[in-house]
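Welcome, and take a moment to turn the model around before reading on. The paragraphs below will walk you through it step by step.

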Number of protein chains: 2
Amino acid sequence: MNLLLENIAKHVSLTTEEQERVLALTEVQHYKAKTILLKEGEICTHSFFVTKGILRSYNIDENGVEHVVSFACPGWWIADMYSFLSQRPGQLYIEVNEEAEVLLMSKENQDKLYIDVPKMERFFRILIENSLVAHQQRLIDNLSFTAEARYDKFLKKFKDLAHCIPQKQIASYIGVTPEFFSKMKARLLKK
Amino acid sequence: MNLLLENIAKHVSLTTEEQERVLALTEVQHYKAKTILLKEGEICTHSFFVTKGILRSYNIDENGVEHVVSFACPGWWIADMYSFLSQRPGQLYIEVNEEAEVLLMSKENQDKLYIDVPKMERFFRILIENSLVAHQQRLIDNLSFTAEARYDKFLKKFKDLAHCIPQKQIASYIGVTPEFFSKMKARLLKK
């Protein structure tokens, strides 16, 4: 079964016609590693549902340093939510980490979907609730956990895929410099 | 007009009967400053809509240091979203900063409301979308903005209410120690 429909079936039950409508409003794309799907200042016109590979979102500060906001593995959605919802220029980059297959859904089609398949309003509400919980958790982690504890949470969250993510991106995600991260890992290995 | 109904009317249009149903499912409470509405380890059974005063959510790290996650002013909702949505024990404290009037909505009543007034599903979806955007923004700010820029954003976000919030809570919200915050403010005044 299609990974997106599997994902939807966890939360709402669609008829075959409704499933077809969902798929008709999405578009499959294949991307090579390092393809940039969104840049700072652009409008995020689509949200991306990963079926293969890994995507990541980040922003670049005024000193040119990249800060990873999130990774998206198969079964996850990724977007610059501010830009996608408001259809105004955003702050995030979205880039392909590993050769990927992605389902794209435009803001326009998502709005259409709410009308054609009202159950999808419930699905996206639940999805956004889960994303909000993940963001609230990440904020708490950044405010009050040590770098070691954040690394531990990263490993648990991304499990088997963690080894596919470059060290410097992991360092950026947990909010430390690559140098600090190397020293921390060396310290953890000695334990 | 009731502040909650005003808030809802910005996003969905309710009939008089629907408005009455919303109000019937909420409960007004008055709290003195420093009342703790939720503690770490408890289940967040209600979400709180502030009509007067200020509430804040925070967590306490293993060294006993408080980290402010958010403030809620009149017209804003506040909850431990993880705990509220999952009905499992959470990590956050919610405390009354300034004598407050609050509308409480239980998880049970919110679920009822989706059935009785389906338009409210749309309202809460939009609300959660906005909250997600605010969390994503806060995460980007924490990862890539300087403390001065974060303070500037805090002042813009909380405008007239910023002067009601104790300095050490502002320091905690922007993620610096009270000592660093005092020095930073002194530096800003000299500019």
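Predicted model: local features only at pLDDT ≥ 70, side-chain atom pairs only at ≥ 80, totals over all residues.

Begin with how the two chains relate to each other.

Now look at where the chains meet. Chain A gives 27 residues to the contact and chain B gives 27 residues. On the side of chain B that touches chain A, the elements giving two or more residues are β4 (66-72), α3 (81-86) and α5 (119-144) of chain B. The largest share of that side comes from α5(B), with 18 residues. Sorted by class, this side of chain B holds eleven nonpolar, ten polar and six charged residues.

Next comes the interior. In general, nonpolar side chains tend to be buried together in soluble globular proteins. Here the largest nonpolar core has 95 residues, and those with the most contacts inside it are A:Phe48, A:Val50 and A:Leu55 together with B:Phe48, B:Val50 and B:Leu55.

Twelve of its 15 residues are buried, so β3(A) is largely enclosed by the rest of the structure. Which strands does β3(A) pair with? Eleven bridges join β3(A) to β6(A) (residues 93-106), and the two run antiparallel; across this pairing, A:Ser57 stands opposite A:Ile94. β3(A) also pairs in the antiparallel sense with β5(A) (residues 77-78) over two bridges, where A:Phe48 stands opposite A:Ile78. With β4(A), β3(A) makes an antiparallel pairing over six bridges, and A:Ile60 has A:Glu66 as its bridge partner there. The hairpin of β3(A) and β4(A) has five residues between the strands, and A:Gly64 in this hairpin takes a positive phi near 80°.

Finish at helix α7 of chain A, residues 167-174. Its buried residues are A:Ile170, A:Ala171, A:Ser172, A:Tyr173 and A:Ile174, and what covers them includes β4, α6 (147-158) and α8 (178-190) of chain A. Just after α7(A), A:Gly175 takes a positive phi of about 85°.

Notes. Residues numbered from 1 in each chain as written. Chains lettered and ligands numbered in written order. Contact = placed C-beta atoms within 7 Å. Helix = DSSP H or I, 4+ residues; strand = E, 2+ residues; numbered from the N terminus. Nonpolar A, V, L, I, M, F, W, Y, C, P; charged D, E, K, R; others polar. Buried ≥ 20, exposed ≤ 12 C-beta atoms within 10 Å, placed from the backbone. Core = buried A, V, L, I, M, F, W, Y, C linked by C-beta atoms within 7 Å. Pairing = 2+ DSSP bridges.
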